[in-house]
Amino acid sequence: MRSLLFAGATRPDLVAKLARSGPDAVAIDLEDAVPADAKLEARAALADLVASVEGPQVFVRVNGPATVWFEDDLAAAAALAIAGVVVPKAEGPADVERARAALGEGAALVAGLESARGVAEAGPICEAGPEAAYFGAEDYIADLGGRRTAGGEEVLFARSQVALAARLAGVPTLDQVVVDFRDEGAFERDAEAGRAIGYRGKLCIHPSQVTIANRVFGASAAEVGRARALLAAWEEGAARGVAAVDFEGAMVDGPALRMARDTIERAGES
Amino acid sequence: MRSLLFAGATRPDLVAKLARSGPDAVAIDLEDAVPADAKLEARAALADLVASVEGPQVFVRVNGPATVWFEDDLAAAAALAIAGVVVPKAEGPADVERARAALGEGAALVAGLESARGVAEAGPICEAGPEAAYFGAEDYIADLGGRRTAGGEEVLFARSQVALAARLAGVPTLDQVVVDFRDEGAFERDAEAGRAIGYRGKLCIHPSQVTIANRVFGASAAEVGRARALLAAWEEGAARGVAAVDFEGAMVDGPALRMARDTIERAGES
Amino acid sequence: MRSLLFAGATRPDLVAKLARSGPDAVAIDLEDAVPADAKLEARAALADLVASVEGPQVFVRVNGPATVWFEDDLAAAAALAIAGVVVPKAEGPADVERARAALGEGAALVAGLESARGVAEAGPICEAGPEAAYFGAEDYIADLGGRRTAGGEEVLFARSQVALAARLAGVPTLDQVVVDFRDEGAFERDAEAGRAIGYRGKLCIHPSQVTIANRVFGASAAEVGRARALLAAWEEGAARGVAAVDFEGAMVDGPALRMARDTIERAGES
């Protein structure tokens, strides 16, 4: 998932146009984009909003596990034909487990790591098995009482720790939002930096960001070739009944297999 | 505490002038600023030194827990009417607990995290409940056998880790010293970087640094407004007997309350 | 060890010239520099290759613990008169222990921390007691699915974490490779950055890098003086039967002693 484009549930006009810029997935947001007194109305409109999106996978971002809306948001999402749910401000494995229990195995979960506790618990949260995770720089640094800067040094530690924890658990990660959607240069530099750290895609809040994210996080031909070779080596070993397959001098294990499949998926050739 | 200004206990002339630049608190230093053969003399002069400061809260920085002077320094500080004690080179919760046992609940403790062990144990040390903590870049990097640079990349990891650990424990943190007190531009840039990471104030070693620290770490009107609103929501909930209060979509918990009070205190409006 | 210069076991011409540039140690590489179908041939040539190096300490880099070649590589190295073995891609204390069991106490072990798991387990791996460790940026970032950049921000977290974990265990660390060996300016900047973080030396892949590494990581006269004074204080205390010796206001402990000895050794004056 190279790009996940958000629109607020109170903006049916934007939701209906979400697919136009070509994002790999879209998210209808019940959380930050919806004020407290509009939460119930937004939830009630969800089925119509989902139906209005044509094309990519549709996710719903529910309100966070610490809010009064979480359980009912999950119940509303569970009743819809969607790809999955984005769980913001996850702070422990229990948050992933609650969402899984409400949604079942068929729905993909994207866990948001965007608080002091969420970053500190990134390992256990990712081990709880969400299909993806994201790092939320704005909420994280607000939680620390800090400030975002152009260079982003203030989140390098947390952004790197999340990437490492997610890799250890074999969970692909999406990189932080760039708030100023008019500054495409800033978005591209930030996307390149996230790609360098190991992120697989990026949260987008404007259609113009999608094009850049798809380009920066797209798999190169060499990467796809390597992933195919690894899968072929593993399949050939499996056909011979060999459990431990060697590829480029290292054992092929579960996370390596997941990453290889993810690379091929990223290239849009699943 | 936006600024904590230090002067050595062997310099009564500087101690008597500590309050002039308007620091939120001052520290009379028995540690780094006092050579080994002057430690006892400095300790004996402490009461007079404390009496010579007019205005802000007075702290005493004792020698570290691993030194032969620690216990007697604490005993000397306990006999004085001071705001609290700075414990440098804390390396575990036991160091905080020893100081608490010697000083009682009335004294504020500021734990210095400034060694490899201290940074690695920042979580447990802050959970032991000091009223504040600071990150000491010079001692930390000396302990690692490294070197300080102008850009400061060599301490970004440790400086970020301390800020995160302290936030998780609800402990406000003070940022690293800038040794070259003549370079006010360097101090301001470093203070802005520390503020971005989440630090609440800065150790100062020269009066000219105090003015800058007070400005950079001062709470803005918007921050004070938000803190007041959070406290009001919590108090209104408490008056109705509601334990779980929601504010801006998140539950108000202990650390959030402490941070809000800290913000208002920072603005000098407690 | 300021510089550890590598040459592939398939290049006897380069191995024979390894000592010329004056590295503190050299490593004959059975791992990355040798393709899979040449591994056995390279191992068989090892005795002759070791014999062809004149001067510095000789190490053999075996293939990693997760490969089919690891045990036989260790057995081949154990039969040779070498300084020790480099164990790449260590991912847990067991990897160090397997190498120790195969080689005995006489051989020095250098553990490579260069994967997500290796960096996350840097503490336990270093506590298992290798004589040195290194951080491998290329393999680490490849494991995360990221990309190396000129600024190196993408590995600052891991590079710093490894330096801290190694310091806590008293294990000296070697800094990452600079792949473009023609860019001496890039190597020098990278070496200075590693030195600032606390690294004691650098992996080198070309003779021209050795001269720079020896200069950047050499101990200054002041550092050697401080190390000698610390050792003298400790020896004087030991002569009086005093276990706890104080130096510059801190207790002299095991890691401090190892670092002091390392500093003097670095200056080539053991």
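Is A:R159 buried or exposed? A:R159 is buried, with a relative accessible area of 6%, where buried means under 20%, exposed over 50% and partly exposed in between, for a 1.4 Å probe and protein chains only.

Good morning, colleagues. This is a predicted model, in which local features need pLDDT of at least 70 and side-chain atom pairs count only at pLDDT 80 or more, while totals for chains, interfaces and linings use all residues. Residues are numbered from 1 along each chain as its sequence is written, chains are lettered from A and ligands numbered from 1 in the order in which they are written, and side-chain values use heavy atoms, with hydrogens and water left out.

Let me stay with A:R159 for a moment. Its place is in helix α9 of chain A, residues 156–169; helices (H or I, at least four residues) and strands (E, at least two) are DSSP runs numbered from the N terminus. Leaving aside residues up to four places away in sequence, A:R159 touches A:F135, A:D175, A:Q176, A:D190, A:A193, A:G194, A:I197, A:Y199 and A:K202. Contact here means heavy atoms within 4.5 Å.

I turn to the domains of chain A. The assignment gives domain 1 (3–217) and domain 2 (221–266), with bounds that come from an automatic or database domain assignment. The C-alpha centres of these two domains of chain A lie 29 Å apart. Eight residues of domain 1 of chain A are in contact with seven residues of domain 2 of chain A. Between them the two domains of chain A bury about 780 Å², 41% of it on carbon and sulfur atoms; buried area is the accessible area (1.4 Å probe) that two parts lose on being put together, summed over both. A:R167, A:G170 and A:R200 supply 59% of the area that domain 1 of chain A buries against domain 2 of chain A, more than any other three residues.

Next, the strands of chain B. Eight of them close into a barrel in the order β1-β2-β3-β4-β5-β6-β7-β8, with parallel pairing; two strands pair if DSSP finds at least two bridges between them. Strand β1 of chain B (residues 3–8) has six of its six residues buried, so it is largely enclosed by the rest of the structure. In β1(B), B:S3, B:L5 and B:A7 point one way, and B:L4, B:F6 and B:G8 the other.

What are the partners of β1(B)? On one hand, three bridges join β1(B) to strand β8 of chain B (residues 201–204), and the two run parallel; the bridge partner of B:S3 in β8(B) is B:K202. On the other, β1(B) pairs with strand β2 of chain B (residues 25–29) in the parallel sense over five bridges, with B:F6 opposite B:A27 in β2(B).

Finally, the relation between the chains. Chain B can be laid on chain A with an RMSD of 0.0 Å by a turn of 120° and a shift of 0.0 Å along the axis, superposed by least squares on the C-alpha atoms of residues with pLDDT of at least 70 in both. That is the relation of a three-fold axis. B:F157 comes closest to the rotation axis among the residues of chain B, at 3.5 Å (C-alpha).

At the interface, 20 residues of chain B are in contact with 19 residues of chain A. Chain B and chain A bury about 1,700 Å² between them, 59% of it on carbon and sulfur atoms. Only 15% of the interface residues of chain B are also interface residues in chain A, so the copies meet through different surfaces.
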